[in-house]
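Try each task with the structure in view before you read its solution.

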Amino acid sequence: MRAFERVTGTAAVLDRADVDTDQIMPKQFLKRIERTGYGEFLFYDWFRSGEIELDPHPILVTGRNFGSGSSREHAVWGLKDYGYDAVIAPSFSDIFYSNCTKNGLLPVVLDEEHCRAVASAGEARIDLDDQTVTCAEGVFKFEIDEDIKHRLVNGLDDVALTLQRSGAIDEFEAAGKADRGPVTTSL
């Protein structure tokens, strides 16, 4: 996973609330487990019908409850593959939020007024270290858990996080072996 501290650029706007993961990545495209190649299927039904037009930009601004519905990680993979590094919304479903942070997509929670301001400005800078979104309309603070921030700033997926603790794991395993004593068998 790529490490990052800032996301800067144009913001695409999807002015819809309650967008579920089935709308983000339809079920017919869930036949692979690779994390790439999903951008072309993002919002597939909406793009195909002409309901929406979204260019790939670093930032997506959307309505409340983004990523609701099923827990498909493919939705996050599609957003990343299409070009988004961050999604700004008033709220996210819990599972979707978690999937974002585990796959290097920054979910930023701002109130609806600030989301509208970023959408209106058209460009923004998200600073993960300062936990701010800056645009022509102002500077807006957002909250993020320190463990999630650490994961994103350092580009750590679940495996990399575990490997950071390999010394402690080795010590724990060695202590367990010493406590158990020699292995014996009985007939």
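## Exercise 1: A residue in a loop

Gln131 sits in the loop that joins β5 and β6. The model is a predicted one, and every step below refers to that prediction.

**Task.** Decide whether Gln131 is buried or exposed, and find which side chain makes a polar contact with the side chain of Gln131.

**Solution.** Begin with the accessibility: the relative value for Gln131 is 9%, and a residue counts as buried when this value is under 20%, so Gln131 is buried. Next, look at the end of the side chain, where Gln131 makes a polar contact with the side chain of Lys149 at 3.1 Å. Finally, list the surroundings, leaving aside neighbours within four places in sequence: Gln131 is in contact with Phe140, Lys141, Phe142, Glu143, Ile144, Glu146 and Lys149.

## Exercise 2: A charged residue in a strand

**Task.** For Asp127, which belongs to strand β5, state which backbone nitrogens its side chain reaches.

**Solution.** To complete the picture, set aside neighbours within four places in sequence, and the contacts of Asp127 are Glu5, Arg6, Thr132 and Phe142.

## Exercise 3: The two sides of helix α5

**Task.** Work out which residues of α5 are buried, which exposed residues lie on the face turned away from them, and what is found at the start of the helix and just after it.

**Solution.** Start with the buried residues of α5, which are Cys115, Ala117 and Val118. Viewed down the axis of α5, these buried residues fall within an arc of 160 degrees, so they line one face of the helix. The face turned away from this buried side carries Glu113, Arg116 and Ser120, which are exposed. Now ask what the buried residues of α5 pack against: the partners are the strands β1, β2, β3, β5, β6 and β7. At the start of the helix, a side-chain oxygen of Asp111 comes to within 3.2 Å of the backbone nitrogen of Glu113, while just after α5 the residue Gly122 takes a positive phi of about 85 degrees.

## Exercise 4: Helix α6 and its residue Arg151

**Task.** Carry out the analysis for α6, residues 146–154, and then describe the surroundings of Arg151.

**Solution.** In α6 the buried residues are Ile148, Lys149, Arg151 and Leu152. Seen along the axis of α6, they fall within an arc of 160 degrees, so they line one face of the helix, whereas Glu146 and Asp147 are exposed on the other side. The buried residues of α6 pack against α4, β4 and α7. At the start of α6, a side-chain oxygen of Asp145 reaches to within 2.8 Å of the backbone nitrogen of Asp147, and just after the helix Gly155 takes a positive phi of about 65 degrees.

Turn now to Arg151, whose relative accessible area is 9%, so that it counts as buried. Not counting residues up to four places away in sequence, Arg151 touches Met1, Thr101, Lys102, Leu156, Asp157, Asp158 and Leu161.

## Exercise 5: Two pockets

**Task.** Describe the linings of the largest pocket and of the second largest pocket, and name the helix that gives the most to each.

**Solution.** The largest pocket holds about 200 Å³ of space. It is lined by 14 residues, and those closest to its centre are Asp15, Thr62, Gly63, Cys115 and Arg116. The elements β1, β2 and α5 each supply at least two lining residues, and α5 gives the most, with four. Sorted by class, this lining has seven nonpolar, two polar and five charged residues.

The second largest pocket has a volume of about 170 Å³. Helix α3, residues 74–82, gives the most to its lining, with three residues. The residues lining the second largest pocket include Met1, Arg2, Trp77 and Asp157, and by class the lining divides into two nonpolar, two polar and six charged residues.

Key:
Residues numbered from 1 in each chain as written. Predicted model: local features only at pLDDT ≥ 70, side-chain atom pairs only at ≥ 80, totals over all residues. Heavy atoms only, no water. 1 Å grid on protein atoms, 1.4 Å probe; cavity = no way out; pocket = protein on both sides within 12 Å on 5 of 7 lines; lining within 4 Å. Points joined across faces, edges and corners; volume = space filled by probe spheres on them. Nonpolar A, V, L, I, M, F, W, Y, C, P; charged D, E, K, R; others polar. Buried < 20%, exposed > 50% of the residue type's maximum accessible area, 1.4 Å probe, protein only. Arc of directions from axis to C-beta. Contact = heavy atoms within 4.5 Å. Polar contact = N/O pair within 3.5 Å; in protein donor to acceptor, adjacent residues only side chain to side chain.
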